[in-house]
Amino acid sequence: MREQTLILNSIPVDELTGSIATPIYQTSTFVQDAPGVHKGYDYSRSNNPTRKVLEDCIAALENGHGGFAFASGLAAIDSVIKLLEAGDEVIAVDDIYGGAFRLFTHVYQKFGIKINYVDSTNAQNVADAVTNKTKLIWIESPTNPTLKVSDIRTIAKTAKENNILLCVDNTFASPVSQKPIDLGADIVIHSATKYIAGHSDLIAGLVVTSRQELSEKIKFIQNASGAILGPFDSWLVIRGIETLTLRVRQHAENAQKIAEFLQEEKLIKNVYYPGLKTHHNHEIAKSQQKYFGGVIAFDLVIDDKELASQIVSGTKLFKLAESLGGIKSLCCLPCEMTHKSIPAEKRYSSGVTDSLIRLSVGLEDADDLIDDLKQAIAAAVKANADKKSVTA
């Protein structure tokens, strides 16, 4: 069954009423026939019919065993880290999402969990970092914000040889583009806030597990910790999933055109997009992704935060805002926004310079978006005409 057909058929007709749209079961509790005898639901923290449709759907899309919906992407990440114990070590991608870095460094390290950051674009770096205390490998592919791509198959082989869990943050690719469990991952997470929901109108996180043992552990943590996704937001995510394939395809088509345009701009030094042949791991991306995604990052020939700020503040169609993956185009300056919590030295070592700009390419016409970037760049160049490196 092809992807779009699978999506629509993973969302069942309501058995009780025949409703073709998933009902919103906006309830905290469920009446029982006798003590402990019920219809599969007793309390909405433990389980909810609307949330279950979403959880079953994402499990099917990722070819996983179980799916679990959380109140945010960070709550989803938190649930996975809670699989560990004091003294365990994590190998994590160096170009990591700022919120994950904050959680790992400022929350879990003080409980005795050590995080070792490596450049996972070379799978050997991951293998070399393994110790007898390593219990989890954590990668994003592509990463946020420099779109680094890791060889999931090879890293999964290292994980299995050493009895280590591999978790892949699949937010940027989405399950219609990349299926990490098929590539050997044990756990997949998503910030469903982004492409899966797709309309910039909710906060949500998803975890997908590859086997029953992990499903039981994450289910226990979800119920015990309580950071569940409510029924209305679950319904909104389901509604977003219904058009996921169509949206991701158009995001990627638009992004490819814009990335190719940016490569020709004199003010721009590097363009980071897996769909470009100049991308460091373009061939690996091609082998494991169906689409190259809707996020682009680029930096400037002069690493000037003020100049980059003028560009992101000067766009009209690209709205200056946090987040990504919605139908409307967004832009941001990671050093002052999404990655501000990461120390400057670490940011720079992973490629997040002061002039790095991240674009979340939406569903507007690609030519209109290119024109918007042209005028914003031209205005910034004009305002900085006294700087030789800008106008050269």
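In which helix does aspartate 368 lie? Aspartate 368 belongs to helix H13, which spans residues 366-383. The legends below describe close-up views of a predicted model.

**View 1. A patch of negative charge on the surface includes aspartate 368.**
The patch is formed by Asp365, Asp367, Asp368 and Asp371. Aspartate 368, a residue of helix H13, has a relative accessibility of 42% and therefore counts as partly exposed.

**View 2. Aspartate 33 and lysine 39 form a salt bridge.**
In this pair the closest N and O atoms are 3.6 Å apart. Aspartate 33 and lysine 39 are both exposed. Side chains of opposite charge can pair when their charged atoms come close.

**View 3. Lysine 82 meets aspartate 78 in a salt bridge.**
The N to O distance between the two side chains is 2.7 Å. Aspartate 78 has a relative accessible area of 17%, and because the limit for a buried residue is under 20%, aspartate 78 counts as buried. Lysine 82, at 35% relative accessibility, is classed as partly exposed.

**View 4. Lysine 286 and glutamate 283 form a salt bridge within helix H10.**
The closest N and O atoms of this pair lie 3.8 Å apart. Helix H10 covers residues 282-288, and because the two partners are three residues apart in this helix, about one helical turn separates them. Lysine 286 has a relative accessible area of 47% and is partly exposed. Glutamate 283 reaches 52% relative accessibility, so it counts as exposed.

**View 5. Strand E9 is mostly covered and has buried residues on both faces.**
Strand E9 comprises residues 295-300, and six of its six residues are buried. In a regular strand the side chains alternate between the two faces of the sheet. Val295, Ala297 and Asp299 are buried on one side of E9, and Ile296, Phe298 and Leu300 are buried on the other.

**View 6. Strand E9 pairs with strand E8 and with strand E12.**
Strand E8, residues 268-272, runs antiparallel to E9, and the pairing involves four bridges. Across this pairing, asparagine 270 stands opposite aspartate 299 of E9. Aspartate 299 is one of the buried residues of E9. Strand E12, residues 357-360, also pairs with E9 in the antiparallel sense over four bridges. Here valine 295 stands opposite serine 360 of E12. Valine 295 is likewise buried.

**View 7. The loop between strand E4 and helix H6 holds proline 142, proline 145 and leucine 147.**
Strand E4 covers 134-140 and helix H6 covers 152-161. Serine 141 and proline 142 are joined by a cis peptide bond with omega of about -5°. Another cis peptide bond joins asparagine 144 and proline 145, with omega of about 15°. Leucine 147, in this loop, has a positive phi near 55° and is a residue other than glycine. With a relative accessible area of 1%, leucine 147 is buried.

**View 8. Asparagine 63 has a positive phi although it is not a glycine.**
The phi value is about 55°. Asparagine 63 is placed in the loop between helix H2 (49-61) and strand E1 (66-70). At 39% relative accessibility, asparagine 63 counts as partly exposed.

**View 9. Glutamine 26 lies in the loop between helices H1 and H2.**
Helix H1 spans 3-9. Glutamine 26 has a relative accessibility of 58% and so counts as exposed. Glutamine 26 and serine 44 are 18 residues apart along the chain, and their C-alpha atoms are separated by 8.9 Å.

Terms used:
Residues numbered from 1 in each chain as written. Predicted model: local features only at pLDDT ≥ 70, side-chain atom pairs only at ≥ 80, totals over all residues. Heavy atoms only, no water. Patch = residues over 30% accessible without salt bridge, like charges linked within 9 Å, V, L, I, M, F, W, Y side chains within 5 Å. Areas by Shrake-Rupley, 256 points an atom, 1.4 Å probe, with all protein chains shown as cover. Salt bridge = Lys/Arg side-chain N within 4 Å of Asp/Glu carboxyl O. Lys, Arg positive; Asp, Glu negative; His and termini not counted. Charge placed at Lys NZ, Arg CZ, Asp CG, Glu CD. Helix = DSSP H or I, 4+ residues; strand = E, 2+ residues; numbered from the N terminus. Buried < 20%, exposed > 50% of the residue type's maximum accessible area, 1.4 Å probe, protein only. Pairing = 2+ DSSP bridges.
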